[in-house]
Amino acid sequence: MIEVKALSKSFGKVKAVKEVSFVAPDNQVTALLGANGAGKTTSLRMIYSLITPESGEVMIDGINPQKEPEKARKLLGVLPDSRGLYLRLTARENIQYFGRLHGMSESQINSRIESLVEDLRMQDFIDRKTDGFSQGQRVKVAIARALVHDPQNIILDEPTNGLDVMSTRGVRSFLRKEKARGKCILFSSHVMQEVAAVSDEILIVNDGRVCASGTEKQLMEQTNMNSLEDAFVHIVTNGEGHE
Amino acid sequence: MSNQIFTVAKKEIKDNLRDRKTVMSSIFMGAVFMPVLFVVLMNFITNMQKDKAEAQLKVSVQGTANATSLVKFFKSKGAEIKEFNGDARQAIIDKDEEAVLVIPDTFAEQFEKGVPAKVELYYDKTAKGATNVTQSRITALLAEYSSNIGMTRLQLRGVSPMLLRAVMVEDHDVSTAQSKGAMVMTFLPYVLIIGLFLGSMYLAIDTMAGEKERNSLEPLLLNPIKRSNLLIGKLIATITFGIITMFATIAAFKVAMPFMPLADLGMTVDFGLKNVSILVLVLAPLTVMAASLQTIVATYSKSFKEAQTYVNLLMFIPMIPSMALMFMPIKEKLWMMATPVLSQNLIINQIMRGETVSTISIIAAIVGSLFVGLVLALIAIKLYKRESLLFSG
């Protein structure tokens, strides 16, 4: 479970994140939906303690990542915005490296890789050097690498950015499976269909704030709109509805 | 968790060993190319010098008829006289002649009168190669002829020519056979130190700026490992490449030594086990400094190319003492022996000159270099912990 209380951060004079609070419980997919530059990535980066919040607090299963970053990271699996692989290493070696950094034994790593290969359908390229991988193959390896330690909490920043239909479906079904295993999944996106397809709870982020939350249905009811996209536009423009 | 440190170091070494470009440019360039270049250059230079000094002296003379006895003297000394007609100055500028001796019409008259008879010698002091050998041999012959004639004249007047020699210089050159050769070898320390810098350069760039360029830094930082441990692992990998290159360079020089014209230069460089051990002992701590320095510079760059530009500038650091030492022979002091790069230079020079390197110098070099290296490593760690690391550049 991820709990966020009144998180704020500014870069110079720009206030990127303003008093963001929410709870992402276990057994649920929570989405941060917002336009580019709305403050999603900065919020996520504070949650996985890559940057220090100006104020506010984060709790990952009761652990404060600011105070105990290593402990919190063991409970977290993160697919960040940048997801570069080591091109001279094979997909397997990329994943093994992160497993070892997590302090896993070689046998633990190998059996985990076997199940990830299965779930993410990586059989064809698991032992190939990652140089020249397609976007979809790269994202799969990056997800496997991030989740090699089978964490309870999963954070993904725009996971399907730049993926084709088949890869997107693959990632979605993987997330559903992980949710079924009782995981807490938090992801950010600016794509409406994406959010509508997988998330249970949607948090609409605009100008550094969470300005609405609820299921897709609830958000449409709140705004009297008949699509998530219309509801989103209504919320972020205060009902003025720019085209 | 020291296991994590070695996980990082092992991964970086494995990753970079797979890059043929890195292996070629660090280990091959540093270790093999340099000694080969050394052998070729040394042979070329010594052969050129030897050829000129031993070859028959050819003198281009304008106005041979004006000084028959001088010409005869030159011939008696084994010189070949070539009649020259034309503009002596232009011939030198055009590099048609190395040196031209012009004997003016006034020569015979002045000679008869017993006043200094003027001859003109044209040459280019700044010319490259062995031109200066020709000029100095002509000047020496002229001086010999002049003093022979002068002495005869004094004797004819009943004056002892010895009166002219108020001071007599007796040369005592105490340079040993090795120290003569050391002149040519002054750039050996530079080559060894450069090799070591080259060895760690690509690793420093790849593990720091490369990680940023590939966008793999952020995922890496999300692992449960302290940033200091992460950086220490990367530094160990970088230092390892520096040390491998150092060993390879020393080994390559040992192999190349017999092909260097050392005997012709009158030198015997002792590259035995003892001196090789000293080289390893004093050079190895320098790898820590080189790796840390390159890592610090690479932290500030966001792309491989940018880092390469800045890290290449660091190559000037090992050059500074090498260059300075070529021009000013200074007496070794303890503080110099504790100054990284300078101490390695001095000690390698001592070995080349066949001098015994004192234990205290070796200890000072090791302690001094390690201390500076560790301070730089701490700075690198400090910089790596900055939040702006991800966004810098």
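Colleague: Is Arg100(A) buried, partly exposed or exposed?

Modeller: Partly exposed, since Arg100(A) has a relative accessible area of 28%. Buried means under 20% relative accessible area and exposed over 50%, with partly exposed in between (1.4 Å probe, protein chains only). Before going on: this is a predicted model, where local features need pLDDT of at least 70 and side-chain atom pairs count only at pLDDT 80 or more, while totals for chains, interfaces and linings use all residues. Residues are numbered from 1 along each chain as its sequence is written, chains are lettered from A and ligands numbered from 1 in the order in which they are written, and side-chain values use heavy atoms, with hydrogens and water left out.

Colleague: Which residue forms a salt bridge with Arg100(A)?

Modeller: General idea to begin with: side chains of opposite charge can pair when their charged atoms come close. The rule here asks for a side-chain nitrogen of Lys or Arg within 4 Å of a carboxyl oxygen of Asp or Glu. For Arg100(A) the partner is Glu106(A), with the closest N and O atoms 2.8 Å apart. Glu106(A) is partly exposed, at 38% relative accessibility.

Colleague: And how do I read the helices around that pair?

Modeller: Two packed helices are described by the angle between their axes and the distance between the axes. Take helix H3 (residues 91-101) and helix H4 (residues 106-120) of chain A: their axes come within 10 Å and cross at roughly 135°. That makes H3(A) oblique to H4(A). On terms, helices (H or I, at least four residues) and strands (E, at least two) are DSSP runs, numbered from the N terminus. Axes are lines fitted to C-alpha atoms, for helices over the stretch in contact, with angles from 0 to 180 degrees between N-to-C directions. Under 35 degrees counts as roughly parallel, over 145 as roughly antiparallel, 65 to 115 as roughly perpendicular, and the rest as oblique.

Colleague: Which residues of H3(A) and H4(A) make the contact?

Modeller: With contact meaning heavy atoms within 4.5 Å, H3(A) brings Arg92(A), Ile95(A), Gln96(A), Gly99(A) and Arg100(A). H4(A) answers with Glu106(A), Ile109(A), Asn110(A), Ile113(A) and Glu114(A).

Colleague: What does Glu194(A) pair with?

Modeller: Arg172(A), with the closest N and O atoms 3.3 Å apart. Glu194(A) lies in helix H7 (residues 192-198) and Arg172(A) in helix H6 (residues 165-180) of chain A, so the pair ties together parts that are 22 residues apart in sequence. Glu194(A) is buried, at 3% relative accessibility. Leaving aside residues up to four places away in sequence, Glu194(A) touches Pro159(A), Thr160(A), Thr168(A), Arg172(A), Phe187(A) and Ser189(A).

Colleague: What confidence does the predictor give?

Modeller: The complex gets an ipTM of 0.93 and a pTM of 0.79. Per residue, pLDDT is the predictor's confidence, from 0 to 100; chain B averages 84, and 89% of its residues score at least 70.
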